[in-house]
Amino acid sequence: MVSRRTLRNAPLGRDVAIAYAIIVALYLLKFIPFQPTQIPPYLLIVAYDLVEVALPVLTPYYPIVFPLFLYVLAVGGASLTRIFRATDGQQSAWLQTLGGVCLIIGILSLGFGAFVGGPLVSPTDNPTPLAITGATGIVFLGVAWWLLGRPTVQYVSDVGDERS
């Protein structure tokens, strides 16, 4: 049986490669002519657009920087997988890393919803972006919670001293 300590010591590169493959697959969903599948790629593009607005020097280097941005998201997803992984190897690395990526996409979705649809101050504002990104974010966070093994927060004092 694989212990939690063994999983924590497994190469992070494997998880990053899996997360990058998943994020690229999510991005490629934009070519499917069914609108609900195009929401995750749209969120990735909008997240990069926010980075591009903050750093306009990146604009001419889009073909290089956008894949690097996706790679940074993959590193974040793999890192979140390591932090929130709750099982001791009962689930494949693919599914656990998919949970970390879903967590990243869910956070991006809710952040985008709060940024764009959140400031509804007048009755004439359109609540649709808030509803779509909010629902997408909640679905992605729910899937992440389920795939990561319904993790609970463990405090340092709860872990104890494991010696093997």
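Helices (H or I, at least four residues) and strands (E, at least two) are DSSP runs, numbered from the N terminus. The model shown here is predicted, so local features need pLDDT of at least 70 and side-chain atom pairs count only at pLDDT 80 or more, while totals for chains, interfaces and linings use all residues. Residues are numbered from 1 along each chain as its sequence is written, and side-chain values use heavy atoms, with hydrogens and water left out.

View 1. Following the sequence, you will read the pattern α-α-α-α-α-α-α. Of the 164 residues in the chain, 34% are buried (under 20% relative accessible area; exposed is over 50% and partly exposed lies in between, with a 1.4 Å probe and protein chains only). Contact means heavy atoms within 4.5 Å. Among the contacts with a separation of 6 or more, 71% are between residues 24 or more positions apart.

**View 2. The largest nonpolar core has 28 residues.** Such a core is a set of buried Ala, Val, Leu, Ile, Met, Phe, Trp, Tyr and Cys residues joined through side-chain atoms within 4.5 Å. Look for Ile-23, Leu-44, Phe-69, Leu-70, Leu-73, Val-101 and Ile-105, the residues with the most contacts inside this core. At least two core residues come from each of H2 (12-28), H3 (39-54), H4 (62-84), H5 (93-117) and H6 (128-147).

**View 3. H3 meets H4 with axes that come within 11 Å and cross at roughly 110 degrees.** Axes are lines fitted to C-alpha atoms, for helices over the stretch in contact, and angles run from 0 to 180 degrees between N-to-C directions. H3 is therefore roughly perpendicular to H4 (65 to 115 degrees; under 35 is roughly parallel, over 145 roughly antiparallel and the rest oblique). On the H3 side are Leu-44, Ile-45, Ala-47, Tyr-48, Val-51 and Glu-52, which meet Tyr-62, Val-65, Phe-66, Phe-69, Leu-70 and Leu-73 in H4. This contact has 11 nonpolar, no polar and one charged residues (Ala, Val, Leu, Ile, Met, Phe, Trp, Tyr, Cys and Pro count as nonpolar, Asp, Glu, Lys and Arg as charged, and the others, Gly among them, as polar).

**View 4. H3 also packs with H6, at an angle of about 105 degrees and with axes 11 Å apart.** This pair is therefore roughly perpendicular. Here Ile-39, Pro-40 and Leu-43 of H3 meet Ile-132, Thr-133, Thr-136 and Phe-140 of H6. By class, the contact has five nonpolar, two polar and no charged residues.
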